[in-house]
Amino acid sequence: SSSGSWRTRVAITDADATLDTSVIGESPKVPYAFKKQWYPLVVLDMINPDLPHAVSLFGERLVVWKDGQGEWRVFEDRCPHRAAP
């Protein structure tokens with residue numbers, strides 16, 4: 001590290017989403033929370049708003065559709081009845 005420089009350690013945990021910003025003398029190790037970010041899934045101008053569309057993101061199966069009020073929705077692509085007791 002160059003003289004006069006400092007680094008901040010940032011630690012993010014899934015449990016409490018807190019940040020540890022203590023100063024350390026080594027390269028920061030920052031775990032990136034991929035599933036806590038926003039990502040574009042589809043170009044809305046390129047899909048039919050009258051049909052549901054299967055998409056995937058990081059191996060997760062999702063479905064995109066336009067609801068009865070004209071709002072776009074995204075949910076996990078699975079039947080909720082299969083998970084019923």
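## First stop: a pair of charges

Select arginine 78 and glutamate 76: their side chains meet in a salt bridge, 3.4 Å from N to O. A salt bridge here is a side-chain nitrogen of Lys or Arg within 4 Å of a carboxyl oxygen of Asp or Glu. Side chains of opposite charge can pair when their charged atoms come close. Arginine 78 is partly exposed, with a relative accessible area of 41%, and glutamate 76 is partly exposed at 47%. As for the words, buried means under 20% relative accessible area, exposed means over 50%, and partly exposed is in between (1.4 Å probe, protein chains only).

Before you move on, a word about what is on screen: this is a predicted model, in which local features need pLDDT of at least 70, side-chain atom pairs count only at pLDDT 80 or more, and totals for chains, interfaces and linings use all residues. Residues are numbered from 1 along each chain as its sequence is written, and side-chain values use heavy atoms, with hydrogens and water left out.

## Zoom out

Switch to a cartoon view. The protein has 0 helices and 5 strands, so from the N terminus on its elements run β-β-β-β-β, where helices (H or I, at least four residues) and strands (E, at least two) are DSSP runs numbered from the N terminus. Of the 85 residues, 11% count as buried.

## The other salt bridges

How many salt bridges are there by this rule? The count comes to 3.

Next, pick arginine 73 and aspartate 67. They form a salt bridge, and their closest N and O atoms are 2.8 Å apart. Is aspartate 67 buried or exposed? Aspartate 67 counts as buried, at 16% relative accessibility, while arginine 73 counts as partly exposed at 36%.

Now select arginine 61 and aspartate 77, whose side chains meet in a salt bridge of 3.9 Å, N to O. This pair links distant parts of the chain: arginine 61 is in strand β4 and aspartate 77 is in the segment after β5, 16 residues apart. Arginine 61 is exposed, with a relative accessible area of 56%, and aspartate 77 counts as partly exposed at 27%.

Glutamate 60 and aspartate 77 are 17 residues apart in sequence, and their C-alpha atoms are 8.4 Å apart in space.

Go to phenylalanine 58, in the loop between β3 (53-57) and β4 (60-66). What is its phi near? Phi of phenylalanine 58 is near 55 degrees, a positive value in a residue other than glycine. Most residues other than glycine have a negative phi, and most peptide bonds are trans.

Phenylalanine 58 is partly exposed, with a relative accessible area of 49%. Show the side chains of Tyr32 and Phe34 too: together with Phe58 they make a nonpolar surface patch of about 350 Å². Patches are made of residues with over 30% relative accessible area and no salt bridge, with like charges joined within 9 Å and nonpolar side chains (Val, Leu, Ile, Met, Phe, Trp, Tyr) within 5 Å. The areas come from the Shrake-Rupley method with a 1.4 Å probe, and for residues only the protein chains shown count as cover. Draw a C-alpha to C-alpha line from phenylalanine 58 to phenylalanine 34: it spans 8.7 Å, across 24 residues of sequence.

## Into the pocket

Select Tyr39, Leu41, Leu57, Leu62 and Val74. Of the 18 residues lining the largest pocket, these lie nearest its centre. The elements that give two or more residues to the lining are β4 and β5 (72-76). Which element gives the largest share? That is β5, with 4 residues.

The lining divides into 13 nonpolar, 1 polar and 4 charged residues. Here Ala, Val, Leu, Ile, Met, Phe, Trp, Tyr, Cys and Pro count as nonpolar, Asp, Glu, Lys and Arg as charged, and the others, Gly among them, as polar.

About 500 Å³ of space lies in this pocket. On a 1 Å grid over the protein atoms alone, a pocket is an open set of points where a 1.4 Å probe fits, with protein on both sides within 12 Å along at least five of seven lines; lining residues have an atom within 4 Å of a point. Grid points are joined across faces, edges and corners, and the volume is the space filled by probe spheres set on them.

## Last stop

Finish at glycine 70, in the loop between β4 and β5. Glycine 70 counts as partly exposed, at 35% relative accessibility.
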